[in-house]
Amino acid sequence: MGAITILFGTESGNAEVAADDIAAALAASELETEIVAMDELDLGALTEMDLAIVVTSTYGDGELPMTALPFYEALTDQRPDLSSLRFAAFGLGDSVYDTYNNAIDLFVELMVELGAEHAGDVGRHDASGTESYAETAEAWVRSNVEILSRAADKDLRQAAG
């Protein structure tokens with residue numbers, strides 16, 4: 001089984017903290033991870049990944065955070081074929097806003113449109129809630145670990161396909 005790449009986009013660092021929490025929860029399930037900032041990723045690397053977990057906060061009035069925007073714009077402009085990619089998604093937002101978790105919804109929509117296969121439920125941390133990023137991430141990983149594990153297993157996917 002290959003490593004799970006956790007891609008994060010953040011404005012103030014919260015999505016990076018959540019990415020670390022997701023990596024820790026996956027490590028507890030003996031899954032290997034790599035964490036990469038979206039603004040440091042070459043789009044071509046997406047097709048080489050076994051499984052990507054996209055983690056982003058929503059900023060301002062529903063916008064993408066500063067480090068996610070260039071990645072999103074590159075996906076939109078270059079429109080790579082992502083049909084070989086499986087991905088999962090985890091968003092951070094505040095439910096007092098109408099645009100709660102808008103950024104992760106934009107990513108899910110675009111990546112599916114580009115052919116990527118979405119695995120598991122979209123995780124959503126609510127800054128208005130009482131759970132920490134770690135608690136929400138751990139619960140999300142626990143409820144999706146089998147799906148994520150299967151999605152990351154390229155050999156299993158090739159045998160099924």
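Here is a short report on one helix, the nonpolar cores, a helix pair and a loop residue.

## About the model

This is a predicted model, in which local features need pLDDT of at least 70 and side-chain atom pairs count only at pLDDT 80 or more, while totals for chains, interfaces and linings use all residues. Residues are numbered from 1 along each chain as its sequence is written, and side-chain values use heavy atoms, with hydrogens and water left out.

## Helix α2 and its buried face

Let's start with α2, which spans residues 69-78 and has F71, Y72, A74 and L75 as its buried residues. Buried here means under 20% relative accessible area, exposed means over 50%, and partly exposed lies in between (1.4 Å probe, protein chains only). Helices (H or I, at least four residues) and strands (E, at least two) are DSSP runs, numbered from the N terminus.

Looking down the axis of α2, the buried residues fall within an arc of 160 degrees, so they line one face of the helix; the arc is taken from the directions from the helix axis to the C-beta atoms. These buried residues pack against β1 (4-9) and α3 (102-113). Just after α2, R79 adopts a positive phi of about 45 degrees.

## Two nonpolar cores

A nonpolar core is a set of buried Ala, Val, Leu, Ile, Met, Phe, Trp, Tyr and Cys residues joined through side-chain atoms within 4.5 Å. The largest one has 27 residues, and L7, L46, F71, L75, F107 and M111 have the most contacts inside it. At least two residues each come from β3 (51-57), α2, β4 and α3, with α3 giving the most, six.

Leaving aside residues up to four places away in sequence, F71 touches L7, M38, L41, L43, L46 and F107, where contact means heavy atoms within 4.5 Å. A second, separate core of 25 residues includes I22, W140, V141 and A152.

## The α1–α4 pair

Helices α1 (residues 14-28) and α4 (residues 133-152) pack at an angle of about 50 degrees, their axes 9 Å apart. Axes are lines fitted to C-alpha atoms, for helices over the stretch in contact, and angles run from 0 to 180 degrees between N-to-C directions. Among the residues making this contact are I22 of α1 and W140 and V141 of α4.

## An exposed loop residue

V96 sits in the loop between β4 (86-93) and α3. Is V96 buried or exposed? At 60% relative accessibility, V96 counts as exposed. Its C-alpha atom is separated by 9.0 Å from that of A127, 31 residues apart along the chain.
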